[in-house]
Amino acid sequence: MSEKGLSPDRVKHLELIQAIVTRLGNNSFLIKGWTLAIGSAFFVVATNRLSWKIVAVAFAPIVIFWMLDAFYLRQERLFRKLYDEVRRPQSTVEPFSMDCSRYWSDVSMFQTFFSVTLRYYYGALFMINFAFLVGALIRIA
């Protein structure tokens, strides 16, 4: 037993869960970078051509990356709940279990999709793209 009353196996289990949480956070960061890069490329092309079709297509990667980022954030939250359970001395979690299914009802995909950080980041990109779309449609009219 360690000084906090956790067995070495429990500590290793917590380290494994933390490694997964870290990896999911890194994936989320990379997705935001890819979204910004691809979105910027669409914005540059749309600015040069002002084609509503190009601007309309730019909504697809924003929404797809938003959904993927929400998936990673939800997984991260699920693993944090597992971590919280494993760290408790009276935990009933099987040693080295990575099963987060018991927390699915606690972490809503819908609420994660519209969490503050994702809503502001992807919502801003969505609104910029919408402004480009309106500009392209006005230019056509």
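Trainee: Are Trp 66 and Phe 113 buried or exposed?
Mentor: Both Trp 66 and Phe 113 are buried, where buried means under 20% relative accessible area with a 1.4 Å probe, protein chains only. The model is predicted, so local features need pLDDT of at least 70 and side-chain atom pairs pLDDT 80 or more, while totals for chains, interfaces and linings use all residues. Residues are numbered from 1 along each chain, and side-chain values use heavy atoms, without hydrogens and water.

Trainee: How many aromatic pairs are found in the whole structure?
Mentor: The search finds nine, a pair being rings of Phe, Tyr or Trp (its six-membered ring) with centres within 6.5 Å. The ring centres of Trp 66 and Phe 113 are 4.7 Å apart and the planes are at 10 degrees, so this pair is stacked (planes under 30 degrees apart).

Trainee: Which helices hold those two?
Mentor: Trp 66 lies in H2 (residues 52–86) and Phe 113 in H3 (residues 109–113), so the pair ties together parts 47 residues apart in sequence. Helices are DSSP runs (H or I) of at least four residues, numbered from the N terminus.

Trainee: Which residues form the aromatic cluster?
Mentor: Trp 66, Phe 110, Phe 113, Phe 114, Tyr 121 and Tyr 122 form one cluster.

Trainee: Changing topic, at what angle do H1 and H4 pack?
Mentor: H1 (residues 8–49) and H4 (residues 116–140) pack at about 10 degrees, with axes 11 Å apart. The axes are lines fitted to C-alpha atoms over the stretch in contact, and angles run from 0 to 180 degrees between N-to-C directions. H1 and H4 are therefore roughly parallel, a term for angles under 35 degrees.

Conventions
Angles under 35 degrees count as roughly parallel, over 145 as roughly antiparallel, 65 to 115 as roughly perpendicular and the rest as oblique. Rings of Phe, Tyr and Trp (its six-membered ring) pair if their centres lie within 6.5 Å; planes under 30 degrees apart count as stacked, over 60 as edge-to-face and the rest as tilted. Buried means under 20% relative accessible area, exposed over 50%, partly exposed in between (1.4 Å probe, protein chains only).
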